[in-house]
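Me: I am new to this structure and would like to go through it slowly, asking at each step what stands behind the words. Please set the value against the rule each time before you conclude.

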Amino acid sequence: MYAAELVEVTKRFGPVLANDGIDLAVARGEVHAVVGENGAGKSTLMSILYGLHRPDAGEIRRDGRTVALRSPADAIRHGLGMVHQRFRLFPGLTVAENVVIGAEPVRAGRIDRAAAARKVAALSERYGLRADPSALVGGLPVGVRQRVEILRALYREAEILILDEPTAVLTPGETDRLFEVLRTVAATGVSILLVTHKLSEVMAIGDRVTVLRQGRVTGRFTTAETNADELVNAMIGRSLAPSAPKRARPVREDPVLEVRDLTIHDADGVARLSEVSLSVHPGEIVGLAGVAGSGQRELIDSVTGLRGAVPGVFLAGTPVLAGRDPRVAYVPEDRHGRATAPGMSVAENILMGAQRELSSRWTLPTAAVKRRARDLVDRFAISAASVDVPISALSGGNAQKAVLARELTRPSRVVVAEEPTQGVDVGVRERVHALLLAARDDGAAVLLQSSELSELRDLADRILVLYEGRVVAEFPGDATETDIGRAMTGATA
Amino acid sequence: MTAPALARRVVVSAPVVAVAGALALTTLVMLVVGVDPTLAYPALIRGAVADGNLEYTVAAFVPTLGMALAFALPLRAGEFNLGGDGQLAAGGVAAAALALLVPLPPVVAVVLPLVAGALAGGLVAAVAAPLSTRLKIPAIVSTLLISTPAVALASYLVRFPLAEAGTGIAQTPTLPDAAHLPFLGGSGYVTIGLPLIVVLTGLWLYADGRTVTGYEIRATGQNREFARYGGVRVDRVAAVALAGGGAFAGLSGALIVLGPPYRFVDGALTAPGYTFTAVAAVLLASARPVVVPLTVALLTVLQVGGQGMEREAGVPSQLTQIVQGLIIVIVAVLATLQARRRR
Ligand SMILES: Nc1ncnc2c1ncn2[C@@H]1O[C@H](COP(=O)(O)OP(=O)(O)O)[C@@H](O)[C@H]1O
Ligand SMILES: [Mg+2]
């Protein structure tokens, strides 16, 4: 008997068949990975299991009995817990308060805060989920917030824990810690459903794997008996092309992007960047490594003009323009923050930045705008029902391709890419890498910021390491991850 | 979309649900307080459209539509302009002052006060822009804060420097004939303000959907950080949108003053509650600009008809304000539910 089963689950969103007769069964105490490209239907399936969506057909069983899950409250009652892609915590409350909220221990009609803190401390002890019960959630790093979400589910005695892409927001170290926790939790008999699209993680922690593609199951594997190639085949229906060879082409031309002695203080007078100098030449990719918050944000905002007119930043020999320098193509990291306006159509999102060039005086040539968008959707293989649908209807990978389509078709010789493959699957990642390499080969100067060292090593000709606002090291593109990683922690070679 | 599907979509759409719900609740209130709805509603309709009342309804439609634009335009940029009353009064007093103090030739005597009214309204609204962009006081608060002193200033000007001498009534003298808005056709109420505001509404709809400025305003409203990243000068766009909204309010004030009874009567601009009705109409249109004229028409009928209902059926006209309030509440609830369902 399985702890939870989804039987022939089908779910449509308008014309999109997000889940098409999916069967999935999770055994007690098992870590079950669910993998698939962006838009494969993973989140939808998990939302159905957690009562957030109603399936159009099919059923859900718990311990062999069919259950009706009309809301997350129903799901919680049936022993399900979920850690969402975006956390749902109250920043102004403490860890303990966030954990017990909605099911607070009560004494004499009042919330028993001491008991709450005690229970939470006991839970975190038991599962190795280290978190200070009295700390305010708002001040905690992402990895710890995620632990709070897990604690919340365990506090409600979840027997099935669903995690939707939990590692997308974590550093490699935090990911390792999370996996240790998940193993401990599974050992107590809790079943874990782990959604991811990183194959290394599947191989590292999964007992079994279910692969989804276009809403259907395209493979079921036992981790011990499969390999990454087999999984990739099931995920994208073909094998990956070997990664593009790097060229050791000497760069002779003058740099198009130059930063000289850039120092930036924040509002409190703390230096965020100190005497940073770098140059990027046409036809090269310069990688930017560093732990989060080492000055990447300030550097990139200076280079793109978004920080205003900053002395010491030059594009093709002239100072950067305040606002947004149109000479820079910029792929921002957070698709929901900067890169898109979710409520606007695909065409209107692709238009941003080009609206003035495309228009004669005041009037926006709507037909031409749509034609151009359609053209880019085709060229960049973006799957969208039409260019009139809101961009929020696209899967993350397709939205990212739309952002790249917009930016890489700007008439610019400098490309700034920030975590360009965060939260996208292997197929899209391959495509994004090919696009960046093609831009480089066309003579663009590319500044690539990534927290994935393997990505920097795959693409960059040189890698600069930022630490506490300074460039502390420069490596050739084929340096080892160990060396780069050491520089990222500030250890001098 | 098939015809039945389209029909279903219209019937269950937020505006229809809100109006139906509000009317149902109002009916309930009538029954509770002992008013016969079968008398009250016909009285309401008659009060709005019968016996020459239609003209009066159309005349009230003009400033309400103007005030709706005053709220809707900044809303597209994500700014809530709740200071309509102040902008309306400023526009009215500017138009009256110009018409009274500066002798102008025909035509110019109408056009210039209208322009002055729009400028004054725009100026009052624009004061809120730096407060929100620099001092981070949200426009929803700053516009409201500035509104009260603006209304008071207009009131002071009307009572003292511009007051009609010797009557002791808080109003300006009648404006010179050249400044009177011509009537439309044979009407005694409806002036050329109607075609003017209709044309301006059309221009706004066109600008919203088909111009660079409209696009940048919408982008700013949808995601300010996205617009900024795209090179849009978001602070300026927000200021322009607020000022534009204020200009519509100021123009509405000028249209009222230049129409019958051709003077600024203290309180006459703000007492009918155009601003509130307009806010309700725009929210009812739930982010669909083309629908705004329709919702304005609907609420104007309710508003004017309410007075007829009071005369004939003895139902206090405040009841129509309850309807408007309920509509806003229902629209807000529906929007929240929808957002929750989308998660
Ligand atoms: N609420 C929704 N409304 C409309 N379409 C949706 C909704 N949620 C998901 N989809 C669509 O369903 C498909 C599957 O999406 P999702 O389950 O999020 O995939 P995954 O998590 O594997 O990336 C995608 O094409 C997506 O655009
Ligand atoms: Mg997903």
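**Two chains and what lies between them**

Reply: The area buried between chain A and chain B is about 2200 Å², and carbon and sulfur atoms give 56% of it. This is a predicted model, and the contact takes 32 residues from chain A and 20 residues from chain B. On the side of chain A, A:Arg338, A:Met344 and A:Met352 supply 26% of the area buried against chain B, more than any other three residues.

Me: Why is the pair B:Glu225 and A:Arg338 called a salt bridge?

Reply: The term asks for a side-chain nitrogen of Lys or Arg within 4 Å of a carboxyl oxygen of Asp or Glu. In this pair the closest N and O atoms are 2.8 Å apart, so the pair meets the cut-off of 4 Å. Across the interface of chain A and chain B the rule finds three salt bridges, and the count of residue pairs in polar contact there is 16, with both residues at pLDDT 80 or more.

Me: Which elements of chain A give two or more residues to the side that touches chain B?

Reply: They are helix H10 (335-339), helix H11 (346-351), helix H12 (355-358) and helix H14 (396-408) of chain A, and the largest share, four residues, comes from H10(A). Sorted by class, this side of chain A has 12 nonpolar, 11 polar and nine charged residues.

Me: How do you know that chain A is as compact as a globular protein of its length?

Reply: Chain A has 17 helices and 22 strands. For its 493 residues the globule rule gives 23 Å, and the radius of gyration of chain A is 24 Å, which is close to that value, so chain A is as compact as a globular protein of that length. Along its principal axes the C-alpha trace of chain A spans about 70 × 50 × 50 Å.

Me: What makes the radius of gyration of chain B agree with that of a compact globule?

Reply: A compact globule with 343 residues would have a radius of gyration near 20 Å, and because chain B has 21 Å, the two agree. The C-alpha atoms of chain B fill a box of roughly 60 × 60 × 35 Å, taken along the principal axes, and the chain has 14 helices and zero strands.

Me: How many salt bridges does the rule find across the interface of domain 1 and domain 2 of chain B?

Reply: The rule finds zero salt bridges there, whereas it does find seven residue pairs in polar contact across this interface, both residues being at pLDDT 80 or more.

Me: What do domain 1 and domain 2 of chain A bury between them?

Reply: They bury about 620 Å² between them, 56% of it on carbon and sulfur atoms. Of the area that domain 1 of chain A buries against domain 2 of chain A, A:Glu37, A:Asn38 and A:His197 supply 53%, more than any other three residues.

Me: Where is B:Pro261 placed in chain B?

Reply: B:Pro261 is in the loop between helix H11 (234-258) and H12 of chain B, and the peptide bond from B:Pro260 to B:Pro261 is cis, with omega near 5°.

Methods: Residues are numbered from 1 along each chain as its sequence is written. Chains are lettered from A and ligands numbered from 1 in the order in which they are written. Side-chain values use heavy atoms; hydrogens and water are left out. A polar contact is a pair of N or O atoms within 3.5 Å; within protein, one must be able to donate a hydrogen and the other to accept it, and residues adjacent in sequence count only if both atoms are side-chain atoms. The radius of gyration is taken over C-alpha atoms; the globule rule is 2.2 Å times the number of residues to the power 0.38. Contact means heavy atoms within 4.5 Å. Buried area is the accessible area (1.4 Å probe) that two parts lose on being put together, summed over both. Ala, Val, Leu, Ile, Met, Phe, Trp, Tyr, Cys and Pro count as nonpolar, Asp, Glu, Lys and Arg as charged, and the others, Gly among them, as polar.
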